[in-house]
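Subject: Structure handover

Hello,

Here is the structure I said I would pass on. My notes on the ligand site follow below it.

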Amino acid sequence: MKTVIKNGVLLDNQNSFKKADIEIEGKVITKIGENLATENCNVVDAGGLLITPGLVDLHVHLREPGGEHKETIASGTLAAARGGFTTVAAMPNTRPVPDTVENLEALNRKIEETAHVRVLPYASITIREAGKELTDFASLKQTGAFAFTDDGVGIQEAGMMLEAMKRAAAQDMAIVAHCEDNSLINKGSVHEGRFSKEQGINGIPSVCEAVHIARDILLAEAADCHYHVCHISTKESVRTVRDAKSAGIRVTAEVTPHHLLLCEDDIPGLDTNYKMNPPLRGREDRDALIEGLLDGTIDFIATDHAPHAAEEKAQGMQLAPFGIVGLETAFPLLYTELVKKGVITLKQLIDFMTIKPSESFSLPYGELKEGATADIVLIDLETEKEINAEEFASKGKNTPFNEKKCYGWPVMTIAEGKIAWEKGRVQG
Ligand SMILES: NC(=O)N[C@@H](CC(=O)O)C(=O)O
Ligand SMILES: [Zn+2]
Ligand SMILES: [Zn+2]
C-alpha cells in the first residue's frame, strides 16, 4: 500500500520552504506535490512539521563486534533513527576489526539481522589497525566496504599511507583519516592550551593533527586519491585543507557538532564527558571551523558518535577513554545553537547533514525527490525539550550536553519506506 505524508514543510526546487505532500510506494518516493490523492493510502499527518531527507552520518562507532557493553548495531542504529539518521557509516575499531573478507562478511550479516537504519561498514586500512600491513582493498571492496580508515589511530608512516592511497585510488575508493601523529600526543587528555595549563595536566597540541593532514594532502596529490579528513579540529588544519582545495587536490573534510559548539573554555572542570579525540580546542579554532564550514573548506558534519560505559568514563580525566555520543542530539543542538542564532541557515544545516556527505562519497542518498529512496525525517522545530541522556536508545550516556534545552526534535524517521522510529512508540 502507498503512504502519503500530508502537509509537511519542505524545501522546493527554488530552495524555499513550503507545504507539500510526499507519496511513498515500497522503498521509493513516488510523488512530491500539493494536495496528493490519499485514496487507499496510509496517511501520515505531518501538519506543520519540517520534512528533510534522512540524515547521513559518515562517522559513528557502533562498537559491535567486541564492544557490546558500550553499544550494539541494534542500539546504535535505533539511536541513529531517534536522531533522524537513516544512513550511518560504522567505524572499524571493533574486535575483531573488519580487516578480512571473513570479518567483514560477519559484520554484514549482523547488520542485515539487527540494524534499524542503513549501515555502511568501513573496512580498516591496516590489519588490526596496527599500522604495519595493508588489508586487501580489492576483496574488501567486493564485500561491501564503504571506504578505508584506521579511525581511532593515525597512520604513522608516510610510506604506508602513500601505498594505501595508491591502492585505494586503483579501486576508486577513499582513504578516510584520523589525523594524529603519535610522537606529538604528549600523553594529553585535553587540548594543549589555556585549560590544560590551568589544570596542570598534559595537553595534545594542535600541530599533532595538522602535521598529518599536511603530509597526507601531499600524498593524496601524488597518489591521485580521494582523501577525507575525519573530525577536523584546529585552525591550522582548516587552513591546510583550504589551501589543498584551491590547489585542486581531492580532499574532503568533516567536523563534529561538539567541535562546532564547544571549545576548551566551556570545559567546566575535570569532567570526562568533555574528553574526546580530537579534544575541544581553543576559541579561535572553533571560530575557524565555523568559517571553514561556511566557505566550503569543510564539506559536512559527522557526529563521531563514540559511546562508552559509565564505569569506563568514571576513571578520571587521564584514564577515561576518549569519546562522546552524538547521534541523538546532533540535529537539535545544531538547529538550536547555529540556525536559531543565525550563524547558518536551516537549508545549510540540512545540506551539511544530508546531500553534502552523500555527494562527497557519491552516495545516492540525502535528497527528497521523485524516484529517490524513501529516507525521510519529520522534525518538530517548535517544541523546546531538554536533552535527557537517560532516555537515549544508545547504551552510551556520555554527553556534555545533558539537560541542555533544544528545539528541532525528530518525531518520525522513515528508512527505505518503513518507519524506523516514531516518537511515543515503544521499540526495542
Ligand atoms: N573520537 C573519540 O574520542 N573516540 C573514538 C575514536 C576516534 O574517533 O578517533 C572511539 O572509538 O571512542
Ligand atoms: Zn578518530
Ligand atoms: Zn571516530
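Where does UniProt place the feature "binding site" (unreviewed entry)? The record puts it at His-59, His-61, Asp-151 and Asp-304. UniProt positions are given in the numbering used here, feature names are shortened, and annotations may be inferred rather than shown by experiment. These residues span 246 residues in sequence, yet no two of their C-alpha atoms are more than 10.0 Å apart, so they gather at one spot.

Before the rest, some ground rules. This is a predicted model, in which local features need pLDDT of at least 70 and side-chain atom pairs count only at pLDDT 80 or more, while totals for chains, interfaces and linings use all residues. Residues are numbered from 1 along each chain as its sequence is written, and chains are lettered from A and ligands numbered from 1 in the order in which they are written.

The ligand

The residues around ligand 1 (C-beta atom, placed from the backbone, within 6 Å of it) include His-61, Asn-93, Asp-151, His-178, Asn-277, Asp-304 and Phe-322. The shell has four nonpolar, six polar and two charged residues. Here Ala, Val, Leu, Ile, Met, Phe, Trp, Tyr, Cys and Pro count as nonpolar, Asp, Glu, Lys and Arg as charged, and the others, Gly among them, as polar.

The two aspartates

Asp-151 sits in the loop between β9 (148-149) and α4 (158-170); helices (H or I, at least four residues) and strands (E, at least two) are DSSP runs, numbered from the N terminus. Asp-151 is buried, having 22 C-beta neighbours inside 10 Å. Buried means 20 or more other C-beta atoms within 10 Å of the residue's own, exposed 12 or fewer, and partly exposed in between, with C-beta atoms placed from the backbone. Leaving aside neighbours within four places in sequence, Asp-151 is in contact (C-beta atoms, placed from the backbone, within 7 Å) with Met-91, Asn-93, His-178 and Cys-230.

Asp-304 is in the loop between β15 (300-301) and α10 (310-313). It is buried too, with 28 C-beta neighbours inside 10 Å. Not counting residues up to four places away in sequence, Asp-304 touches His-59, His-231, Thr-256 and Gly-326.

Asn-93 lies in the loop between β7 (85-90) and α2 (101-114), and Asn-277 in the loop between α8 (257-261) and α9 (283-294). Asn-277 is buried, with 21 other C-beta atoms within 10 Å.

Regards

Definitions and conventions
Two residues are in contact if their C-beta atoms, placed from the backbone, lie within 7 Å.
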